Amino acid sequence: MKLEEFVANETVKYELSRAMQSDAFPHALIIDGARGTGKKTLAGIIAQFCVCLSDGEKPCGKCAGCLKAIHNSHPDIDITDGTKPGALSIEAVRKIRSDAFIKPNEAPKKAYLILDCDKMLPAAQNALLKILEEPPANVVFVITVSSANILLQTVRSRTRIYTLYPPLPEQCADYLQDKFPEKSFDELLSAAKLSDGNIGEVIRAFENGSEETMLLAQDMMDAVIRRKEYELLILTSRLSSSREFASAVLRDLLEISGECIRASVGIEGTSDIAVKAAEKLSPKKIYKISENIEKAANVLKSNVNLNFFGTWLCSLLMS
Ligand SMILES: [Zn+2]
């Protein structure tokens with residue numbers, strides 16, 4: 001991916017592209033921002049920039065360096081996944097430190113991506129600080145963390161900090177349109193709104209959107225249409241298994257309710273369940289149900305108790 005293809009965050013992109021065009025690219029960067037804002041993706045773009053062999057704009061996306069970076073096989077890109085046990089230990093940081101003094105194998109610069117540093121202890125940060133204070137030539141460190149304030153001030157002061165913000169739902173939907181051409185813009189927009197612009201979450205949900213969640217959502221809608229409260233209660237109690245599962249079901253339910261709305265205003269080509277809803281319920285009622293599903297999805301994002309959530313959702317949908 002090229003820098004300009006990265007979604008939203010225009011200021012960060014502008015500053016980074018200026019740095020990339022200058023002769024003084026920072027030797028250490030912190031990328032911070034909430035989950036799903038694209039920290040890892042941006043770190044990957046910077047790594048690609050470091051190993052790009054093009055004389056023109058970097059990363060070019062075409063040279064041997066870029067291609068190896070894209071396929072995760074570049075010897076001069078070192079990635080540490082901070083969520084793995086021991087990955088951010090003092091020993092691990094010392095290993096990075098000694099490795100960084102070895103010249104790049106084939107690229108202009110070596111890149112060390114140290115991702116998800118939220119749990120990096122001060123002692124390990126101090127070990128890292130030593131190399132940030134006297135960095136070897138042609139090495140770039142990219143640290144990602146949810147907030148730079150988690151890290152020691154001494155580490156922050158040795159790095160350039162770039163903060164990412166979630167894109168607007170419209171920007172998010174625009175971006176996703178290329179990835180999921182089969183989905184309508186409205187569908188992408190409502191998924192983007194539900195996930196607060198967390199593109200990674202939307203992609204995961206669409207890619208993992210399982211049969212199971214869709215079937216459960218269909219059964220739930222069917223029970224709502226037939227006004228079978230007890231049946232619905234048994235179905236909604238299955239949402240207590242996990243927050244991810246519940247939110248995937250609600251996303252599918254919202255998709256179905258969107259279809260029901262389209263069916264209720266006479267748009268053809270919708271699913272059987274939507275046709276059934278349009279026959280049995282008034283458009284006003286269908287709108288209300290759709291609104292309630294959206295409300296429930298928002299409630300789910302807060303720290304709600306999942307055991308109560310199913311019961312509450314059942315009474316909300318039957319109201
Ligand atoms: Zn290149």
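**Labels and the values behind them**

In this predicted model, 37% of the 319 residues in the protein chain are buried. The secondary structure comes to 15 helices and five strands, and the C-alpha trace spans about 70 × 40 × 30 Å along its principal axes.

Q: Why is Ala8 called buried?
A: A residue is buried if 20 or more other C-beta atoms lie within 10 Å of its own. Ala8 has 20 C-beta neighbours inside 10 Å, so Ala8 counts as buried. Ala8 is found in the segment before helix H1 (10-21).

Q: What makes phi worth a remark at Ala8 and at Arg227?
A: Most residues other than glycine have a negative phi. Phi of Ala8 is near 55°, a positive value, and Arg227 has a positive phi of about 55° although it is not a glycine.

Q: Why is Arg243 called partly exposed?
A: Arg243 has 15 other C-beta atoms within 10 Å, so it is partly exposed. Arg243 is found in helix H12. Leaving aside neighbours within four places in sequence, Arg243 is in contact with Leu300 and Leu306.

Q: Why are H10 and H11 called roughly antiparallel?
A: Angles over 145 degrees count as roughly antiparallel. The axes of helix H10 (residues 211-225) and helix H11 (residues 229-237) cross at roughly 155°, so H10 and H11 are roughly antiparallel to each other. These axes come within 9 Å, and H10 passes H11 in a left-handed crossing.

Q: Which residues of H10 and H11 meet?
A: Leu216, Asp219, Met220, Ala223 and Val224 in H10 meet Glu231, Leu232, Leu235 and Thr236 in H11.

Q: How do you know that H14 and H15 are roughly antiparallel?
A: The axes of helix H14 (residues 283-301) and helix H15 (residues 306-318) cross at roughly 160° and come within 10 Å. The cut-off is again 145 degrees, and H14 and H15 are therefore roughly antiparallel to each other. H14 passes H15 in a right-handed crossing. Ile289, Asn292, Ala296 and Leu300 of H14 make the contact with Phe309, Leu313, Leu316 and Leu317 of H15.

Q: What makes the peptide bond between Lys58 and Pro59 stand out?
A: Most peptide bonds are trans. The bond that joins Lys58 and Pro59 is cis, with omega about -10°. Pro59 is placed in the loop between helix H2 (39-51) and helix H3 (64-70).

Q: Which residues touch the most other members of the largest nonpolar core?
A: Of its 84 residues, they are Ile46, Ala47, Ala111, Val142, Met220 and Leu253. Helix H12 (residues 243-264) gives the largest share of this core, nine residues. The core draws at least three residues from each of domain 1 (3-163) and domain 2 (209-318).

Q: What does Ala111 touch?
A: Not counting residues up to four places away in sequence, Ala111 touches Ile46, Ala47, Cys50, Val51, Asp76, Ile77, Val140 and Val142.

Q: How far apart do the C-alpha centres of domain 1 and domain 2 lie?
A: The two centres are 43 Å apart.

Note on methods:
Residues are numbered from 1 along each chain as its sequence is written. This is a predicted model: local features need pLDDT of at least 70, side-chain atom pairs count only at pLDDT 80 or more; totals for chains, interfaces and linings use all residues. Domain bounds come from an automatic or database domain assignment. A nonpolar core is a set of buried Ala, Val, Leu, Ile, Met, Phe, Trp, Tyr and Cys residues joined through C-beta atoms within 7 Å. A residue is buried if 20 or more other C-beta atoms lie within 10 Å of its own, exposed if 12 or fewer, and partly exposed in between; C-beta atoms are placed from the backbone. Helices (H or I, at least four residues) and strands (E, at least two) are DSSP runs, numbered from the N terminus. Two residues are in contact if their C-beta atoms, placed from the backbone, lie within 7 Å. Axes are lines fitted to C-alpha atoms, for helices over the stretch in contact, and angles run from 0 to 180 degrees between N-to-C directions. Angles under 35 degrees count as roughly parallel, over 145 as roughly antiparallel, 65 to 115 as roughly perpendicular and the rest as oblique. A crossing is left-handed if the near helix is turned anticlockwise from the far one by less than a right angle, and right-handed if clockwise.
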